Amino acid sequence: MRPFRRTTVAVPAGLQGPCLRVATYNIHKGVRGLGPAKRLEIHNLAMGVQALDADLVFLQEVRHFHHGHAVDFERTWFGWPKEGQAEFLAPQGYEAAYRTNAVTKGGEHGNALLSRWPLGDVGHHDVSDHAFEQRGLLHVPVRWQGADLHTIVVHLGLLHGGRVRQVQRLASYIEREVPPHVPLIVAGDFNDWGERLDGPMRHCGLRRASVPGRHRAATFPSSLPIFSLDRVYTRGLRCVGLQVPRGPSWARMSDHLPLLVELQLE
């Protein structure tokens, strides 16, 4: 693939104060296809993440290890990374935080945060709704512009009722673990096909990052995006720009497209 160009986001002129550039991306474990058509995309994803040039990158379906894929791709040109995917994808100078959500045959996967700003203590909270879907929250404080900012990476379940219960658990977790007057970003794959979670998220004190007059930012499926599954919700921050990178290179790397937003303190 050709090298990615830096992804740009249009923001209004004359804004006062620094902007925080945030991306969320479900990377599909760095692998696409089935059987003989299975291909390794993690190296292309590393170029894509770098091109996003985001201060914070919220990642879902990230592998720390997978024995089967390590063997499958051992003899490919680049090979399976020796380190976990979070560390592999982090551009130079970034810190990475990762916690496992699900343990599967041969490996596991979870959520990660990549940050060009210093990270605090990493927390993880299980919000699984039933035994067949292991889900968790990755909670990481960030020191941005000399002040504290809290981030939570999410990947919610496939059933609406379960997602509502997971948002309720998210609300309880925020009340316990996040100081009430500190800016907060909750981002990830919400699997909200029916666009029904904005109300429950508002009960958490969070609103979806959006630009007035623009339709919802569709990110799934990557080849023909129709659904806005990938989202950024904020407290104490406002959205001043939003972009979904598109094109053949982005479409081949994952079944999701990344969502990129520019935020400012309110």
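1. The buried residues of helix α1 are Ile 42, His 43, Asn 44, Leu 45, Ala 46, Gly 48, Val 49, Ala 51 and Leu 52. Buried means under 20% relative accessible area, exposed means over 50%, and partly exposed lies in between (1.4 Å probe, protein chains only). Helix α1 covers residues 42-52, and nine of its 11 residues are buried, so the helix is largely enclosed by the rest of the structure. Helices (H or I, at least four residues) and strands (E, at least two) are DSSP runs, numbered from the N terminus.

2. The model is predicted: local features need pLDDT of at least 70, side-chain atom pairs count only at pLDDT 80 or more, and totals for chains, interfaces and linings use all residues. Residues are numbered from 1 along each chain as its sequence is written, and side-chain values use heavy atoms, with hydrogens and water left out.

3. Backbone geometry deserves a look at several places. Most residues other than glycine have a negative phi, and most peptide bonds are trans. Asp 53, which follows α1, has a positive phi near 50 degrees. Asp 53 is found in the loop between α1 and β4 (56-66), and at 22% relative accessibility it counts as partly exposed. Lys 29 also is not a glycine and has a positive phi, of about 65 degrees; Lys 29 is found in the loop between β1 (20-26) and β2 (31-32). Phe 220 and Pro 221 are joined by a cis peptide bond with omega about -10 degrees. Pro 221 lies in the loop between β11 and β12.

4. Helix α4 (residues 160-177) has 18 residues and reaches 25 Å from its first C-alpha to its last, close to the 26 Å expected at 1.5 Å a residue. The expected span is 1.5 Å times one less than the number of residues. The buried residues of α4 are Gly 162, Arg 163, Gln 166, Val 167, Leu 170, Tyr 173 and Ile 174. Seen down the axis of α4, these buried residues fall within an arc of 140 degrees, so they line one face of the helix. The arc is that of the directions from the helix axis to the C-beta atoms. On the other side of α4, Glu 175 and Arg 176 are exposed.

5. What covers the buried residues of α4? The cover includes β7 (123-126), β8 (136-144), β9 (147-155), β10 (184-189), α5 (198-203) and β12. Contact here means heavy atoms within 4.5 Å.

6. The structure holds 16 salt bridges, each a side-chain nitrogen of Lys or Arg within 4 Å of a carboxyl oxygen of Asp or Glu. One of them pairs Asp 129 with Arg 169, the closest N and O atoms being 3.4 Å apart. Asp 129 lies in the loop between β7 and β8 and Arg 169 in helix α4, so the pair ties together parts that are 40 residues apart in sequence. Asp 129 is partly exposed, at 22% relative accessibility, and Arg 169 is partly exposed at 29%.

7. Asp 198 takes part in a salt bridge with Arg 208 (3.2 Å, N to O). That pair links helix α5, which holds Asp 198, to strand β11, which holds Arg 208, 10 residues apart. Asp 198 and Arg 208 are buried. A salt bridge also joins the side chains of Asp 198 and Arg 231 (3.9 Å, N to O). Here helix α5 is linked to strand β12, where Arg 231 sits, the two residues being 33 residues apart. Both Asp 198 and Arg 231 are buried. Salt bridges that share partners join Asp 192, Glu 195, Asp 198, Arg 208 and Arg 231 into one network.

8. His 155 is found in strand β9 and, at 7% relative accessibility, counts as buried. Leaving aside residues up to four places away in sequence, His 155 touches Asn 26, Gln 60, Glu 61, Asn 111, Arg 135, Gly 136, Asp 189 and Asn 191.

9. Trp 193, Leu 224, Ile 226 and Phe 227 form a nonpolar patch on the surface, with about 410 Å² of accessible area together. Patches are made of residues with over 30% relative accessible area and no salt bridge; like charges are joined within 9 Å, and nonpolar side chains (Val, Leu, Ile, Met, Phe, Trp, Tyr) within 5 Å. Accessible areas come from the Shrake-Rupley method with a 1.4 Å probe, and for residues only the protein chains shown count as cover. Ile 226 is found in the loop between β11 (207-208) and β12 (230-235), and is exposed, with a relative accessible area of 57%.
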